[in-house]
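Colleague: Could you take me through this one? I'd like to start with the strands.

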Amino acid sequence: MTSKTHIPEVQQSKTYQALILAVQTPNKSDEDMARSCAELRLLANTLGIDVMGLETQRRASDSSTLIMGKGKLREVARLTGGPGVDGELAEELEEDDFEDDDLEEDDFGAFHANDEDADSDAISPGDINLILVDADLAPRQQRVLQAALGVEVMDRSAVILRIFEQRAQTRESRLEVEIARLRYEMPRLRDSNTGDDRHGGGGGISGRGGRGHSNLELARQHSRDRLSELRRELAEIQATESARREQRSDTFQAVLVGYTNAGKSTLMRGLTGSDVLVEDKLFATLGTTVRRIDPPTKPQILISDTVGFITNLPHELVASFRSTLDEARDAQLQIIVVDASDSQWKDQLRVTRETLASIDASEIPQQIVFNKIDRLDEDALKRLDLEIWSLGITDALKISGHSDAGLAELRASIIQAQEDAMSKATLLIPFKMGRIIGEMHENARIMEEKYTAEGTSVHFLALPRFIERWEGMLRP
């Protein structure tokens, strides 16, 4: 009973021609506006949606029910075949729904997107069958837009959720995505256009009406029950994964984090020699992959890859994928991967840092890696150096994930980080406790080993917890 009408199924057999709607508020710069709209276009393209144009409007706020002014919506309705905000719909809206309706772009100056496809003047009436809104819509805002425009409306979170649904491969990631979808859709259940008395009654755009209330409550209860069931199943999987992480806690672990499509999976494959999926797509990796660094080291190093970040990652997904992101919090080194070829890399680095802070994972040692420098010419490399310097970043690596030399440099940096995390110690191991020597060869870097009458004197590097463990085993 939990319909997906609020996150439309994007079918490969159907051609979707979409129009992006975006509101620029006074606190959003032209640059931020252009970047966000371009990113939404890329997200849509990932779903196979053809974005035909962009309609923007400057307004004092994006919190009003209409999002845009009546005049602007009337223009958009001409392209979708919808009724606009007139007639029956206008009668059902309240006065507050038209708040700030007179503050349109003429009051602020027109926003011009740096996008050759942004001009919607060339679109014929009825061409658009999907609206993408570059914002997160409240249920009522979405409902009013759909009624006014006569086509499905997806906000930014819905687009990202749909991509996650298509990308999820493991049982854990599928459960996490379904939980996120239910959390997104449950507030919208009361607004569902159920169509007949069996599924909830009338009331028009406001969702008010007496008939069908009990069936609507059944739908809500069904969603709550399903959510509880999913959480229980996910908790079981996460308990198992938590136990695995605990088993790995004695091993130095470096985690690859960064903006989606920054090249983390390419680096993962290069560092570990594994056959992890490498695709030039947004969110190609959703689950966590853990592999041993190759060639192997003593003590060994584990490399893990995590889900990519993005601007305004839906909070439902952040909550649902917290266990996956825990990998970043439990690691001893975070390798922040930045796409050096992307002109917006500074904003993407900011988003990565903010996301890490949101899961209390910002205090772990970090190594910033500017990837894909093979795509930059000499002048672009000089500009990159200046920008890195301006941010006060002094120890960043600039590499290509496809270069053996770059991978070797990154590998050396990871090994150095492991060494920095270790402490020097010397212990005298009695011959009768030779198993400690065995543990040392697995979990320490032996610098010197001497045999004496009392036992074996070992000078080594190891993580502090191992030193404490062996010292405890040697106490009388």
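Colleague: In which sense do strand E5 and strand E7 pair, and over how many bridges?

Modeller: This is a predicted model, where local features need pLDDT of at least 70 and side-chain atom pairs count only at 80 or more, while totals for chains, interfaces and linings use all residues. Residues are numbered from 1 along each chain as its sequence is written, and side-chain values use heavy atoms, leaving out hydrogens and water. Strand E5 (residues 252-258) and strand E7 (residues 301-305) pair in the parallel sense over five bridges, with Phe 252 standing opposite Ile 301 in E7. Strands are DSSP runs (E, at least two residues; helices are H or I, at least four) numbered from the N terminus, and two strands pair if DSSP finds at least two bridges between them.

Colleague: What order do the six strands of the sheet take?

Modeller: The order is E6-E7-E5-E8-E9-E10 in an open sheet with mixed pairing, and its edge strands, E6 (289-292) and E10 (397-398), each pair on one side only.

Colleague: Switching topic, which residues lie nearest the centre of the second largest pocket?

Modeller: Lys 28, Ser 36, Arg 156, Thr 311 and Asn 312 do, out of 28 lining residues. A pocket is an open set of points on a 1 Å grid over the protein atoms alone, where a 1.4 Å probe fits, with protein on both sides within 12 Å along at least five of seven lines, and lining residues have an atom within 4 Å of a point.

Colleague: Which element gives the most to that lining?

Modeller: Helix H11 (345-358) gives the most, with five residues.
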